[in-house]
Amino acid sequence: MRIIRLVFLSVFLLHGEDFMSTYEYGQMLYNNPRGISCAKCHGEKGEGKYIGQYYKKDKKQKKIILQEIYGVRINDKTLAQIKESVLKNHDIMPTYSLTDKEIKAIYEYLKKIKNS
Ligand code: HEC
């Protein structure tokens, strides 16, 4: 009995990824992409969200202004747009080192979850 349980466990561990659907894979990556979660800035469903605000000096108007930061809506973007954005340098958003497969999984996940 114990042996059987052990065999089952190792089969599960070795082929664990097969049990994970593309949806779950994308969900995992969106929320834990080896860096700050996309959800923190773009919302649970990629619908966009308010991140915060700070004061900054406006050079043209020569006064201090309140700057608000929004994580834009991303569940309506194309795969190419998401890929470009994830890999490039931004002021606020971090740069991620995700593979094509991982970026595609995030894209597929956002496409599915946006209407749920
Ligand atoms: C710390 C906050 C933060 C995190 C974390 C973050 N983003 Fe962003 N993201 C932003 C902000 C702010 C912008 C808009 C301004 C800019 O381009 O920097 C943006 C822009 C984008 C855009 C471009 C939208 C457009 O209009 O072209 C995409 C796509 C995107 N993010 C996807 C992601 C994905 C996918 C992740 C996770 C792997 C992620 N972001 C994580 C803050 C964040």
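Which side chain has an N or O atom 2.7 Å from a nitrogen atom of the ligand? That side chain belongs to H42. The model is predicted: local features need pLDDT of at least 70, side-chain atom pairs need 80 or more, and totals for chains, interfaces and linings use all residues. Residues are numbered from 1 along each chain as its sequence is written, and side-chain values use heavy atoms, without hydrogens and water.

**View 1. The iron atom and its donors.** H42 (NE2) and M93 (SD) are the protein donors of the ligand's iron atom, at 2.0 to 2.2 Å. Donors are N, O and S atoms within 2.8 Å of the metal (3.2 Å for Na, K and Ca). H42 sits in helix α4 and M93 in the loop between α5 and α6 (100–113), so the pair ties together parts 51 residues apart in sequence.

View 2. A side-chain N or O atom of K77 lies 3.2 Å from a ligand oxygen atom. For H90, a polar side-chain atom is 3.0 Å from an oxygen atom of the ligand.

**View 3. The shell around the ligand.** Of its 18 residues, C38, C41, H42, S85 and M93 come nearest. A residue is near if one of its heavy atoms lies within 4 Å. α4 (38–42) and α5 (79–87) each supply at least two shell residues.

Methods:
Polar contact = N/O pair within 3.5 Å; in protein donor to acceptor, adjacent residues only side chain to side chain. Helix = DSSP H or I, 4+ residues; strand = E, 2+ residues; numbered from the N terminus.
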